[in-house]
Structures are given as C-alpha cells and as structure tokens.
Amino acid sequence: MELQIAQTAFRTDIIKGLSSPQKFLLPKYFYNTEGDRIFQQIMQAPEYYITNAEDEILDCQSDEILKTSMQLFPTFDIVELGAGDATKTIHLLQEAVRLGASDHYYPIDISRNTIDYLHTALPSLVPGMQITGLEGEYIPMLQQVPLTKPKLVLFLGANIGNMLPDEALAFCKRILNKGDMLLTGFDLKKDPQKILAAYNDKAGFTKAFNLNLLVRINDELGADFNTAHFTHYPLYDPVTGACKSYLISRIKQQVTLDDGTTFRFEKDEPVYMEVSQKYSEREIDKMAIQAGFKTIRSFYDSNHLFVDTLWQKK
Ligand SMILES: C[S@@+](CC[C@H](N)C(=O)[O-])C[C@H]1O[C@@H](n2cnc3c(N)ncnc32)[C@H](O)[C@@H]1O
C-alpha cells in the first residue's frame, strides 16, 4: 500500500514537472538503488571535494562536536536527515558511544535501499548504538522519532544545499523542538571553477546520476526516454551561490508514459534538475538567526572549503 502511494506521488510529480512551462524534476527522486550507487561514485570523484572535506571534519573533530553538544545535554538521541551510506557519520557515532553521549541513532532516508543497507552494516561498525532506520521524507519521519530525549539532528553532506535559500530557511523554521541541536553541513562559496568542476566530473558520474532519473521514469512509469537525446549542463552563479544542474534536450522530441501522457521537448530545451546552493559564513549566520536558532559553534575542514555548524533551537 505504502509503495503504491509512493508510486502515485512519483507519477504525479513527474507529470507536474514535465508539464510545467519551465520543465523540472525533483532531486529527491534521484535516489533509487542505481542512483544511490552512482552517488557513491560521485563522492569518490577527485573533483567532488565536499565528501573529503566533511569527512575530515567528522574524523578529526567529532570529539569536539560531541563534547560541545554534551555541555547542552549530557545524553541525546542522534537523528540524521538524508543519511545516505553514513560513511562520514560513523566517525561521530563511534565517538558518541565512546563518550556515552548517545546510544540510539535514527537515520532518515527516502531510499529504502539505503535504510536496508544501514540496518545491515551499522550494528557491527558501531557496536553499542541502537539503529532505527526511518524510510521516508525528512519532516514526516522526523515526527516519528520519540520525544523521550533531546536530539542532535544531523543534516550533512550539504543536503541543505539541495533547497534554494528561501526553502532552506522555511525548512529550518519548521524542524526541531526548543533546545534540540542541529548540525548542518554547508558548502562554502569559493573559487567558482572548483565548484563547477565538482558538478561536472571528468568521469561523467554526475551526468550519469542525472540521466538515471530518466531511466527510473522509463522503468517505473513506462516512459520511452532515450538518454542519448539529453545532455547534462551544470551552471554556477558566484553571486547567488546557486550551482544548478539541467538536462538539455539535444533534439526536438516527444516522450510518452505508459498512461499515454506525452511531453514535448524543443531542441535545446532545459529541464531543471537540482540546485546545490553555496553559502558565505555571513549568510549562514543570518539563516540561523532567522530560523530561530542560536549558533553554538562552527567546525571547518583544514582548507576552509566546508563547515558543519552546530545550532540550538531557541
Ligand atoms: C546528497 S545525498 C547525501 C548523503 C549523506 N548525507 C552524505 O553526506 O553522504 C542525499 C541523501 O538524502 C536522501 N534524500 C534526498 N531527499 C530526501 C528527502 N526529501 N527526504 C528524505 N531523504 C532524502 C537521499 O536518498 C540521499 O541518501
């Protein structure tokens, strides 16, 4: 039944996006089993500095992050929004067990494949930590976490960057209860060429990641996309900090779903796929205040490419 509801929502969203004057697809649909696999390849691409930068923060500073959090609450549950394979998070979870800060981790992810993987892999990697995976969207799943303890909510990997700044602010306003803590990974504004290269890796993983959503629409909605007829186009605007990805239709074409719905594409017409928003430190501080949080401390990698900010809900 749940799967059926998810399939109906998928169809509705795809039809809505591809029928709009400016066509778009929602990035949350990137993550089927193949999308999860390609995302792991992106994380290992030499151009994708984000993973290494945040891994360094969590590897070297989890102790400090947790001790700072423990000054607010001696123990808490750890919740993660969009956990993915949690490779970086494992440093923090292991340290949390060692310090006695937490014994319960709730990874939230829209991908069933990811939640299944975490239930299988994490118990032996983080002994002493109970794992309760929640498959679904951020806010409804967050509401399912018991209120018995204060929470440290993780929103890592610049997941927040997949929302435009106004959406990110509205999202942060909606989540957490008074006193709860939020550790968010923000990718910082930097050399525009370095940013653009991260979303245009030479091996073509990001391109494959975007095209895989068309394959998913073929598989699940009986569409007839030919991926060779689309190309990947990333664009970074250093003023707004928005790095946007598009798929461009290489030819005039039409695509039909199994229910007969047809979409027409002009030659060179863009389909907006995803934003990866970059922030200045001033913009991050402003968002904390506007969203009703107090900044407790910020943790940077040694190259100052990325920051994990620890905020507390006022
Ligand atoms: C960019 S990956 C990052 C994964 C991980 N946080 C990291 O830093 O490596 C985004 C993850 O969030 C999940 N995700 C995306 N949109 C979501 C949504 N609306 N609700 C729940 N999970 C979502 C995806 O399935 C994916 O695992």
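This is a predicted model: local features need pLDDT of at least 70, side-chain atom pairs count only at pLDDT 80 or more; totals for chains, interfaces and linings use all residues.
## Helix packing around H9 and selected residues

Gln7, Phe10, Arg11 and Ile14 of helix H1 are in contact with Leu213, Arg216, Ile217, Glu220 and Leu221 of helix H9. Sorted by class, the residues that join H1 to H9 comprise 5 nonpolar, 1 polar and 3 charged.

Helix H1 covers residues 2–19 and helix H9 covers residues 205–221, and their axes come within 11 Å of each other while crossing at roughly 125°. That angle makes H1 oblique to H9, and the crossing in which H1 passes H9 is left-handed.

Helix H2, which spans residues 33–44, also packs with H9, here at an angle of about 165° and with the two axes 9 Å apart. Angles over 145 degrees count as roughly antiparallel, and H2 and H9 are therefore roughly antiparallel to each other. As H2 passes H9, the crossing is left-handed. On the H2 side the contact is made by Glu34, Gly35, Ile38, Phe39, Gln41 and Ile42, which meet Phe205, Thr206, Ala208, Phe209 and Asn212 on the H9 side. These residues of the contact between H2 and H9 divide into 6 nonpolar, 4 polar and 1 charged.

Helix H2 also holds Asp36, a residue that counts as buried at 11% relative accessibility. When residues up to four places away in sequence are left aside, Asp36 touches Tyr31, Ser111, Asn113 and Thr114. The C-alpha atom of Asp36 is separated by 28 Å from that of Ser102, a residue 66 positions away along the chain.

Met141 lies in helix H6, which is made up of residues 138–142, and with a relative accessibility of 11% Met141 counts as buried. Its contacts, again not counting residues up to four places away in sequence, are with Ile108, Leu134, Glu135 and Gly136. Between the C-alpha atoms of Met141 and Lys23, which stand 118 residues apart along the chain, the separation is 29 Å.

Two loop residues deserve a note on backbone geometry. Leu176 is placed in the loop between helix H7 (165–174) and strand S6 (181–187), and its phi is near 75°, a positive value in a residue other than glycine. His304 sits in the loop between strand S12 (293–300) and strand S13 (306–313), and it has a positive phi of about 55° although it is not a glycine. In terms of accessibility, Leu176 counts as buried at 15%, whereas His304 counts as partly exposed at 40%.

As for cysteines, the structure holds 0 disulfides. Cys172 is buried, with a relative accessible area of 0%, and Cys243 is likewise buried, with a relative accessible area of 1%.

The accessibility values of the residues discussed individually are collected below.

| Residue | Relative accessibility | Class |
|---|---|---|
| Asp36 | 11% | buried |
| Met141 | 11% | buried |
| Cys172 | 0% | buried |
| Leu176 | 15% | buried |
| Cys243 | 1% | buried |
| His304 | 40% | partly exposed |

Definitions and conventions. Residues are numbered from 1 along each chain as its sequence is written. Side-chain values use heavy atoms; hydrogens and water are left out. Axes are lines fitted to C-alpha atoms, for helices over the stretch in contact, and angles run from 0 to 180 degrees between N-to-C directions. Helices (H or I, at least four residues) and strands (E, at least two) are DSSP runs, numbered from the N terminus. Angles under 35 degrees count as roughly parallel, over 145 as roughly antiparallel, 65 to 115 as roughly perpendicular and the rest as oblique. A crossing is left-handed if the near helix is turned anticlockwise from the far one by less than a right angle, and right-handed if clockwise. Contact means heavy atoms within 4.5 Å. Ala, Val, Leu, Ile, Met, Phe, Trp, Tyr, Cys and Pro count as nonpolar, Asp, Glu, Lys and Arg as charged, and the others, Gly among them, as polar. A disulfide is a pair of cysteine sulfur atoms within 2.5 Å. Buried means under 20% relative accessible area, exposed over 50%, partly exposed in between (1.4 Å probe, protein chains only).
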